[in-house]
Amino acid sequence: MKITSVLLIGLSAVVHSGCVVVSSYAKLEPQLVQWENDREFGRALDALGQIDPKDPDYSKASKVRKQLERQATEYEQQVRKETAQKQKKGDWAAVLDQYDEALAKHPKSVVIKDGLAKLHLQQRETLDQLEQKRLIQHGEWLRDVLPVYHEIANVDPRNSEAQNRLKRIIGEAKAISQELALLGNKALADNDLNTAEATLPLAFKLNNDPVIEESLKALRAKQKQRSTQLQQTRRKKEQRAREKQKKKEDTISTLVKRFDSAFAKQDYHSARNHLTELKKVDRRYGKLPAMNLSLQKAIDNKVARLFDAGVSAYSRGLFEQAAQEWRNALKLEPNHQQAKENLERAEKVIKNLERLKEKQGG
């Protein structure tokens, strides 16, 4: 009993210290079950990593380790998913608490550490945006309220309280103006003109400071430069659009001419190819429906003539000629079933005649 107690006390001390040194998987197994239930993946995996390869249960330990690693991966994904949902709802406190808990359970997880690092970055960016919003709104309020304080002090010049309030609000306006100017100058240096435009004019409105005025001039210069660049970009874009349209119109004109030429020569196969290319260039070309209709009518008529010519030649025993007529018909109308069947029949007859000639020649 004394030896058993010593072993249990030793194991407990090792476990609670967070530094697991275990030589036997059998002794560790009960604690592993508890860790697995509690999702204490860090402790469990650290302990399993120290099992002696000579341990008789080493293969079992390896199997359990792989199982825990899979569970740990699933846990990581679950944490990322749940924290993303909470962050989307704006519950930053719950997100931070969950990451703290996850790191305590799996302190070596790269996925969880990466998620927490990204969260802190997003937190800083959000706070910067909110601070900027606070400054601008405060500045706008001061801009709107300052004239009222001036008017009150002017109407009641002997009221010391009114004079003191005016001084305080002027001082506050100067302080906020400096903060806005600092933010605006940083934005100007970063070429963030949107932020600079939202802060520098307001800062100058609150405090007619020559230094802020110089920053405002720099902003105007950059605005002018940006406007010039936008105009140049727009002109280039319009020029490319005109060139593209001109090229498209030239291509359409060329294809229409080729179509008309092939149609006039009754080369309907080429005409159809040109029409297909024309559709690729501009499916909404106004003359397409009429061109397609006239071509189809011409093809139908020619296919009918070729088919009849093939039937006539076949009836007169001109099998090669009949086969050729039907081949030409199928080039224009590949799905013409009668032409297919007649061609197969003609080709069989031609082969039979060739075999008969070979026999007679022999």
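Visitor: Is aspartate 46 buried, partly exposed or exposed?

Guide: Aspartate 46 counts as partly exposed, because its relative accessibility is 29%. Buried means under 20% relative accessible area, exposed over 50%, and partly exposed in between (1.4 Å probe, protein chains only). A word on the source: this is a predicted model, where local features need pLDDT of at least 70 and side-chain atom pairs count only at pLDDT 80 or more, while totals for chains, interfaces and linings use all residues. Residues are numbered from 1 along each chain as its sequence is written, and side-chain values use heavy atoms, with hydrogens and water left out.

Visitor: Which residue forms a salt bridge with aspartate 46?

Guide: Side chains of opposite charge can pair when their charged atoms come close. Here a salt bridge is a side-chain nitrogen of Lys or Arg within 4 Å of a carboxyl oxygen of Asp or Glu. For aspartate 46 the partner is lysine 108, with the closest N and O atoms 3.1 Å apart. The two sit 62 residues apart: aspartate 46 in helix H3 (residues 41-48), lysine 108 in the loop between H5 and helix H6 (110-155). Helices are DSSP runs (H or I, at least four residues), numbered from the N terminus. Lysine 108 is exposed, at 59% relative accessibility.

Visitor: How many salt bridges does the structure hold?

Guide: There are 16. One of them joins aspartate 114 to lysine 118 at 3.4 Å between the closest N and O atoms. Both residues lie in helix H6, four residues apart, or about one turn of the helix. Together with Arg80, Asp114 and Lys118 are linked in a network of salt bridges.

Visitor: And how should I read the aromatic pairs?

Guide: A pair of aromatic rings is described by the distance of the centres and the angle of the planes. Rings of Phe, Tyr and Trp (its six-membered ring) pair if their centres lie within 6.5 Å; planes under 30 degrees apart count as stacked, over 60 as edge-to-face and the rest as tilted. This structure holds six such pairs. In one of them, phenylalanine 307 and tryptophan 326 have ring centres 6.4 Å apart and planes at 40 degrees, so the pair is tilted. Phenylalanine 307 belongs to helix H11 (residues 288-315) and tryptophan 326 to helix H12 (residues 319-332).

Visitor: Are those two side chains buried or exposed?

Guide: Phenylalanine 307 is buried at 13% relative accessible area, and tryptophan 326 is buried at 1%. Tyrosine 314 and phenylalanine 319 make an edge-to-face pair, 5.1 Å centre to centre with 70 degrees between the planes. Ring pairs link Phe307, Tyr314, Phe319 and Trp326 into a cluster.
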